[in-house]
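User: I have a two-chain model open here and would like to talk it through with you. Could you take me through how it is put together?

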Amino acid sequence: MEHKFPTSLEVIDICLLAGKIMLQCGAETYRVEDTMSRIAATFGIPDSHSYVTPTGIIFSVDGTEPAKLIRISERTTDLYKVTLVNGVSRKAASGELTSKQAYIRLKEIEEADFTFPIYQQIVAAAIASGCFMLMFLGQWSDFIPAVICGGIGFTSFIYLHRVVQIKFFSEFLASLIIGLAAFLFIKSGFGAQLDKIIIGSVMPLVPGLLITNAVRDLMAGHLVSGLSKGAEAFLTAFAIGTGIAVIFAFYS
Amino acid sequence: MLTHLVTSFIASAAFGILFNAPKKSLLQCGFVGMVGWMIYIILVDRYFDAVVSSLIAAFSIAVLSQMFARYYRTPIIIFSVSGIIPLVPGGLAYDAMRNFVENDYNTAIQLAAKAFMISGSIAVGLVVSEVLNQLIRKIPLKR
């Protein structure tokens, strides 16, 4: 197969698109940079420079081409898309995909929605809450309350986030609702241990991915991204804590 | 013990769903989480302090995830993240928060420090395994 190198502008577009998808879906910073430089090298640009932070990507290649910038405003967790983009970059590197095909494939990935249906996510969150309650040495009689609290909490988080758009606030409200629900369960006599129910139900909101990524980025030398992801994780944890704290402040 | 085995598996797999991991890898996510949690529980129960146990558990999770990632040719993050989740000291952080609100600052600071130590040890466990992995990968090349 004749390997015709695409123009550098096309390559920059492909790299930025791949980087954007990966960053929005919660990949680590070093993986984003690595993938972008690999794709660039595959399509004939061995020297590329990227600067990735959680809120934006700057990418430039040597020569006269201008550096390009992409702003990332919304970040979610979608590991499936990360896997897909990874696959595209692998295939491009092995020569199975031309630059055109890679670009089309990335566009498809960007626009598609692979997330599980919302009801499945809610069920998963609810069951996870119940299981966590048991793992933290709760009693079996608290299983149902924990499942219900976790389900309510996650549902309200999803819907509040659509309305309010501010992550901190929706997390705060969601944990407030969890606290209230757990408290009502205790008062009405269905639940036994308030602490265990709340801990279990709050777990789906805990920023585990952010914490892990923050530390790995810090260790890999991406100080800016590591610190800002750490800040995001801390804000989330703080929001959850505050929501629960409000309940205790009023009722204990 | 059986309860722990089953619940940790389900919880980790459910987290795979929340993070939208590929459907094929949900079982592996659950398995990684289960192994990590069992190591943690057994160590905490019999041998070590929670900090050391988290370190060892996180290390084994990372090693296992690396093996899975190599085998299934997917990013390692899929497995390690859902495996790590059960180890996150949510309960301690919660207790700390509760004591803060109840104006018992001495207990609260103690608990918060402990939670901080545990999250630090999880991170160190992950990083150590990554460094080892890179070492192992690089040494044969230099022969």
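Analyst: From the N terminus on, the elements of chain B run α-α-α-α-α-α, where helices (H or I, at least four residues) and strands (E, at least two) are DSSP runs numbered from the N terminus. Please keep in mind that this is a predicted model, in which local features need pLDDT of at least 70 and side-chain atom pairs count only at pLDDT 80 or more, while totals for chains, interfaces and linings use all residues. Residues are numbered from 1 along each chain as its sequence is written, and chains are lettered from A and ligands numbered from 1 in the order in which they are written.

User: What does the C-alpha trace of chain B span along its principal axes? And how much of chain B is buried?

Analyst: The trace of chain B spans about 60 × 35 × 30 Å along those axes. Of its 143 residues, 51% count as buried, a residue being buried if 20 or more other C-beta atoms, placed from the backbone, lie within 10 Å of its own, exposed if 12 or fewer, and partly exposed in between.

User: How many residues of each chain are in contact across the A and B interface?

Analyst: On the chain A side there are 44 residues, in contact with 37 residues of chain B, with contact meaning that the C-beta atoms, placed from the backbone, lie within 7 Å. The elements giving two or more residues to the chain A side are α3 (79-93), α5 (118-135), α8 (194-202), α9 (208-219) and α10 (223-251), and the largest share, 10 residues, comes from α5(A).

User: What is that side made of, by class?

Analyst: The side of chain A that touches chain B has 30 nonpolar, 10 polar and 4 charged residues; here Ala, Val, Leu, Ile, Met, Phe, Trp, Tyr, Cys and Pro count as nonpolar, Asp, Glu, Lys and Arg as charged, and the others, Gly among them, as polar.

User: Switching to chain A itself, which domains does it have?

Analyst: The assignment gives domain 1 (8-111) and domain 2 (118-251), with bounds that come from an automatic or database domain assignment. Their centres, taken over C-alpha atoms, are separated by 33 Å, and the contact between them takes 8 residues from domain 1 and 10 residues from domain 2.

User: And the strands, in what order do they sit?

Analyst: Chain A has an open sheet of 3 strands in the order β1-β2-β3, with antiparallel pairing, where two strands pair if DSSP finds at least two bridges between them. β1 and β3 (68-71) of chain A stand at the edges with a single partner strand each, so one side of each is left without a neighbour in the sheet. β1(A) is joined to β2 (residues 56-61) of chain A by 6 bridges, and S48(A) stands opposite V61(A) in β2(A).

User: Which strands does helix α1 of chain A lie across?

Analyst: Helix α1 (residues 8-24) of chain A lies across β1, β2 and β3 of chain A, running at about 155° to β2(A); axes are lines fitted to C-alpha atoms, for helices over the stretch in contact, and angles run from 0 to 180 degrees between N-to-C directions.

User: Which residues touch the most other members in the largest nonpolar core?

Analyst: Of its 124 residues, C15(A), A18(A), A128(A), A14(B) and A58(B) do, such a core being a set of buried Ala, Val, Leu, Ile, Met, Phe, Trp, Tyr and Cys residues joined through C-beta atoms within 7 Å. Its largest share, 11 residues, comes from α5(A).

User: What is A128(A) in contact with?

Analyst: Leaving aside neighbours within four places in sequence, A128(A) is in contact with G150(A), M203(A), P204(A), A11(B), A14(B) and F15(B).

Definitions and conventions
Two residues are in contact if their C-beta atoms, placed from the backbone, lie within 7 Å.
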